[in-house]
Amino acid sequence: MPELLLELFSEEIPARMQARAAEDLARLLGEALKGAGLPAEGLRTLYGPRRLALVAELPAGTKAVEEERRGPRADATGPALEGFLRSTGLTREQLEAREGKGGTYLYAVIRRPGRPTPEVLAEIIPGLLRRFPWPKSMRWGGTSTFVWVRPLKRILCLFDGAVVPFTLVQGEDDGHGLASADRTEGHRILSPGDFSVRNFSDYATQLAARHVVIDPVERARLVRDGIAALAAREGVEVVPDEGLVAEVAGLVEWPVPLLGRIDDAFMDLPPELMRTTMRVNQRYFALRRPEGGAAPCFAVVSNIAAHDGGKAVVGGNERVLRARLSDARFFWDLDRRQALEAFLPKLESVVFHAKLGTQGQRVARLARLAEWLAPRVGAEPALAARAAKLAKADLATGLVGEFPELQGIIGRYYALKDGEDARVAEAIAAHYRPMGPGDSVPDEPVAIAVALADKLDQLAGFFAADERPTGSGDPYALRRAALGVIRILRENGLRLDLADALAEAFFGYPQAVGATAEPEFGMAVAQEAMKAGFQPGPKSAHPPMVAAFAAGLLDFLADRLRVQLRAEGERHDVLAATLGAGGGADLVRVLARAAALRAFLEGEDGANLLAAYRRAANILRIEDKKDGPHRPETDPARFTAAEEAALSAALDGALPEAQAALAAENDMAAMEALARLRAPVDAFFEKVVVNDADAQLRRNRLGLLARLRAAIDQVADFSKIEG
């Protein structure tokens, strides 16, 4: 099929927007072509600092189409007829009247002739470009309302080797004079000037000859392999950073990796500080020695192949880095003149959130909560409280003010300098983790206590302030905090009652408990209490409303757990069934039971138990609507069939056995005990009429089925099992 080549050539496109723009271009044009009867094959996008390109194969033209539509009755007038005529684009005289079932109706026969593909493209592309969804766009020149991410300079559009003619003119708007052509440009410095192309092969070949690597994957490979080769010659290695590789590949058209030197005077700075300075400010790659220490050199990727081999480029970047590291040393030395704890008073004037007080108040909450959590995760309470007290102190330091990415990390260095316990220092650095899906979780008990305290306080506070996530956003990263709690507990195998922990976290907000200082807190608590079905009376050691509020947060965590398990390919219905049996406050216990249930359902016993449950539950669901609910109670004196007594006796034997197994956390044994009910259940249904004419017999038999359902519900809510 003929080939379409489209290139949008502009001034420099921000690296972070390029890949998404290429996806949007492919999606929007692909949808428009498909709607026009031109399905694209082999569609491929390419992008770089100054261009978005797309190549695809399309039919030479659209097919002729004949479509028949039935309209209103033949005698119709007014809106019904007018609407039908508008939808078809025909006149009343062009409609046909035909006899049909129920009367005579008007029919429209719409014939659309085939059209050449260039004609269709010329209609589609200008409108697509005018509504292109850039995250940010700009106007320029003052002659048009057309916007682009940066000023658009050229539009190259070829189909089957010929230019597809169109312009961006729209009425009196001149579209900056932009029109399609067959010309593009090479590298701005190494190969300036424009040139014409015939097709994609010619396009790619000529760009490569003019110092442009059009494929982003290839540019990233050249960056990655080039700096790795330079590092290997020096006996060092590159600190892995695929994000930086992708960003740099979006900044250069002709990648030329170079190696620079770091002054020895800066080599005593923390390697994290040097890496952050190089990456954030200059997009340099950090290098390290084989044993892990920082290497006295860095890699930079130039966009030109200089005549002097890059000496001037390297020299200029070394001077820039020297100035950056000098700034970092200034703050490093200034901060270290005082102890980390001395920065804490500054946090009293830093607002954490308008409804949640200052960072200083938050530190007090974290210390209290970490101390409460410590014995429950195997940490020393005094060390956990100390680490929590110091965890946020580096937010007031000059260095973290300059480099926010280093919060926690710098606190660790300052704590070690002050002679703090190594576990306290490590907890300061680790308490923000995990920062994302690829980040590890803390595994040292003190760090675990502080990390959990940080995330639980965040969740409790923002939920109480009614700042919870919505479908459109999560400005306070509460979903990430919830997943962090889940991962810390799962990956460390920690048995923690989250209901108590969340209530304790919320209890750290005294104004919220009394609902006196902040009325909105009291309203949020009351709403959560009602959602949780709160009834007056003690439920835990915490005030009842606080416990009810924690229950609402527990549902949020359970929902995040379901999302996480779905991402891992696990059955969400098994988790829902397990949570339905209660005990969701201990995530590790829930996951263990869910794993046992999943394995159990894959066997014959599982199928038997599920079948027995469904048979009983279906009858109860129908009968409960008539005169229920039917309580799980029976009167043995009213058994008239041997099968009734047999099922009751089987329940009397299986239920204590299952309960004992659950208490011992032997979930599989509990399920196997209940699975033995299948035979007496089958016999019961085969011989016994549940809906007997005798109302007392019927109610007794329904009570027996309710006992069966209640017994199985102790293991899992089998009504949530799919399939």
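Author: A pocket here is an open set of grid points where a 1.4 Å probe fits, with protein on both sides within 12 Å along at least five of seven lines. The model is a predicted one.

Reader: Which element gives the most to the lining of the largest pocket?

Author: Several elements supply at least two residues each, including β14 (285-288), α9 (359-377) and α12 (409-417). Another of these suppliers covers residues 271-282. With five residues, the element that gives the most is α7.

Reader: And how many charged residues are in that lining?

Author: Sorted by class, the lining of the largest pocket has 22 nonpolar and five polar residues. The charged residues there number 13.

Reader: Which helix gives the most to the lining of the second largest pocket?

Author: That pocket holds about 290 Å³ of space. Among its 13 lining residues, A36, G37, T62, K63 and V65 are the closest to the centre. The helix that gives the most supplies three residues and spans 117-130: α3.

Reader: Let's turn to T184. Does T184 count as buried or exposed?

Author: T184 lies in strand β10. Buried means under 20% relative accessible area. T184 has 0% relative accessibility, so the residue counts as buried.

Reader: What is the length of the polar contact that joins the side chains of T184 and E7?

Author: E7 and R51 are both among the residues in contact with T184. The side chains of T184 and R51 are joined by a polar contact of 3.3 Å. For T184 and E7, the polar contact between side chains is 2.5 Å.

Terms used: Residues are numbered from 1 along each chain as its sequence is written. This is a predicted model: local features need pLDDT of at least 70, side-chain atom pairs count only at pLDDT 80 or more; totals for chains, interfaces and linings use all residues. Side-chain values use heavy atoms; hydrogens and water are left out. Helices (H or I, at least four residues) and strands (E, at least two) are DSSP runs, numbered from the N terminus. Ala, Val, Leu, Ile, Met, Phe, Trp, Tyr, Cys and Pro count as nonpolar, Asp, Glu, Lys and Arg as charged, and the others, Gly among them, as polar. On a 1 Å grid over the protein atoms alone, a cavity is a set of points where a 1.4 Å probe fits but cannot get out, and a pocket is an open set with protein on both sides within 12 Å along at least five of seven lines; lining residues have an atom within 4 Å of a point. Grid points are joined across faces, edges and corners, and a volume is the space filled by probe spheres set on the points. Buried means under 20% relative accessible area, exposed over 50%, partly exposed in between (1.4 Å probe, protein chains only). A polar contact is a pair of N or O atoms within 3.5 Å; within protein, one must be able to donate a hydrogen and the other to accept it, and residues adjacent in sequence count only if both atoms are side-chain atoms. Contact means heavy atoms within 4.5 Å. Lists of a residue's contacts leave out its neighbours within four places in sequence.
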